[in-house]
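Hi,

Here is the structure I said I'd pass on. Have a look at it first, and then read on for what turned up.

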Amino acid sequence: MLNYIRDAIMAPTTRSSPKNNNSSSQKPGVAVKDVNSSESRQTSSAPMRGYKVTDNERTRKYGIGANSLEMLITKANSKFPLLELHLYLASDGFEVSDDEYLDSLPAQTLFIAAGPDAVITTDADFEFEKMRQQSPLLKVADIFYEFIEQHPEKFRRMITEYEHQKQRRVLDNTKAHLSLKAEHVEWFEGGEERFHSKEEAMAMRAQTRVRGYYYKAKEELTRNPLYRQNAKARQVINSVLEQFRYLLIGCDYFSMMFDRKCQQKHEFLQQKLGEEETDAGSLPSKRLRQVIKEYTKENCILDEWSVSLCSDLGDFYCQGSFSENGNCCSMQHTINPYASRENLILFQVWNLDHQIELCRTILPALVVNVEDLVSNPQRKCSLHKKQVVDISVLEYFLEIFSLKNLKLVHIVCHEKVQRSNRSNGRLLCPDCHEYRIVQELMEVQADSPTI
């Protein structure tokens, strides 16, 4: 199949994903503080500490000693000459703008030197993009999508023909049940070498897809004119993105979707297999992640959608095209990526299809609600008739990232047509249960000691 794909569709050109550093005039998560505060002028006797400074593209990195923010900015400007240099934390993109906050940071903290209007690339963003550029599997997806956009009918015929060929062969699934790297070495070749088990590798693949939705949502929201031109809206959107991030931590980025050892299965899979499944156990994590996950589990925020899409052996079933309006694929597509390396690569082009479209419907609706919130602060909640204070972050989260709105479909069943269904996001008041749940979650993570 690999030779078949290479000869048939892997053209000399591939889709690139250049990062548009000018797509927004403001950084997500910038903490606004007074650069000229009195604290910045009281550090002349403070001890020198070492820091690291790089640029947004990570082209160079310097170690700099300083005892004040002013000194650090001056020395950084000599390494990265800019008309108006600002320093941002590489870990999360927050701007450091006074000595008090600088003193709270540990020595050797890495800063990004950039202008006031730069879109900051955090360490997580940078590593994901680097992985995306270097990973053959992620590049394969780009090649497929470009070919599909240009030749949709031809690709459908090719896939259908291959499926018919596959059905005529006797597939070797004798190794599907094996889990450890030592038991099925060839399955881990070409990208999965760092994993110890198939389940670990598949869980990471699920996380990668969900992280991609986060970066897509972040990109679309932060380049929107409302975000760039309205300070209040920018603050709300930054808060939404932060809450998305902690909800994703709480569900481990839905890693269980592709993990066959997750005992809690999707409802459609239970019906297909004709058996009941038990609840899943909690996944091990670091302390902060565990605190957040325990809270989400205790409050049953995401339990319904923290489920696996495959059987205990690893069989995945297509949930059908959007027009079929259900969880049944008329073509009965199925695949087991645990069985062989070839199946694992083919699984790359099985898509998680947003039933309510992400870029055409969900994100525009979110922006409209944010604009309504900041421009009409006296608006009343439709349920409790009290003044609104936030948007329905949890509902938008479920529509963007969870199986409440995502269906796993074979590429042939992924219909890229405009849909008429609408987002269920709305404005909330303090009495709304969803608002209280998300606020308590943020308080839990804020109160949790860092490690």
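Lys175 counts as partly exposed, because its relative accessibility is 31%, which falls between the 20% limit for buried and the 50% limit for exposed. Before going further, please keep in mind that this is a predicted model.

So what does Lys175 pair with? Its partner is Glu186, and the two form a salt bridge whose closest N and O atoms are 2.7 Å apart. Glu186 is partly exposed too, since its relative accessibility comes to 34%.

Two others are worth a look while you have the model open.

One of them joins Lys404 to Glu395, with 3.1 Å from N to O. Lys404 has a relative accessible area of 38%, so it is partly exposed. Glu395, on the other hand, is buried because its relative accessibility is 12%, and the cut-off for buried is under 20%.

Salt bridges also link up into a network: Lys216, Glu219, Glu220 and Arg223 are joined through shared partners. Within that group, the side chains of Arg223 and Glu219 meet at 3.7 Å, N to O. How accessible are these two? Arg223 is at 35%, so it counts as partly exposed, and Glu219 is partly exposed as well, at 34%.

Now for a residue of another kind. Phe397 belongs to helix α14, which covers residues 393-401. Is Phe397 buried or exposed? It is buried, because its relative accessibility is 0%.

Which residues does Phe397 touch, if you skip its neighbours within four places in sequence? The contacts are Phe244, Leu247, Leu248, Cys251, Phe254, Leu302 and Ser402.

If you want a place to start, go to Phe397 in helix α14 and then find the salt bridge between Lys175 and Glu186.

Cheers

How values were computed:
Residues numbered from 1 in each chain as written. Predicted model: local features only at pLDDT ≥ 70, side-chain atom pairs only at ≥ 80, totals over all residues. Heavy atoms only, no water. Helix = DSSP H or I, 4+ residues; strand = E, 2+ residues; numbered from the N terminus. Buried < 20%, exposed > 50% of the residue type's maximum accessible area, 1.4 Å probe, protein only. Contact = heavy atoms within 4.5 Å. Salt bridge = Lys/Arg side-chain N within 4 Å of Asp/Glu carboxyl O.
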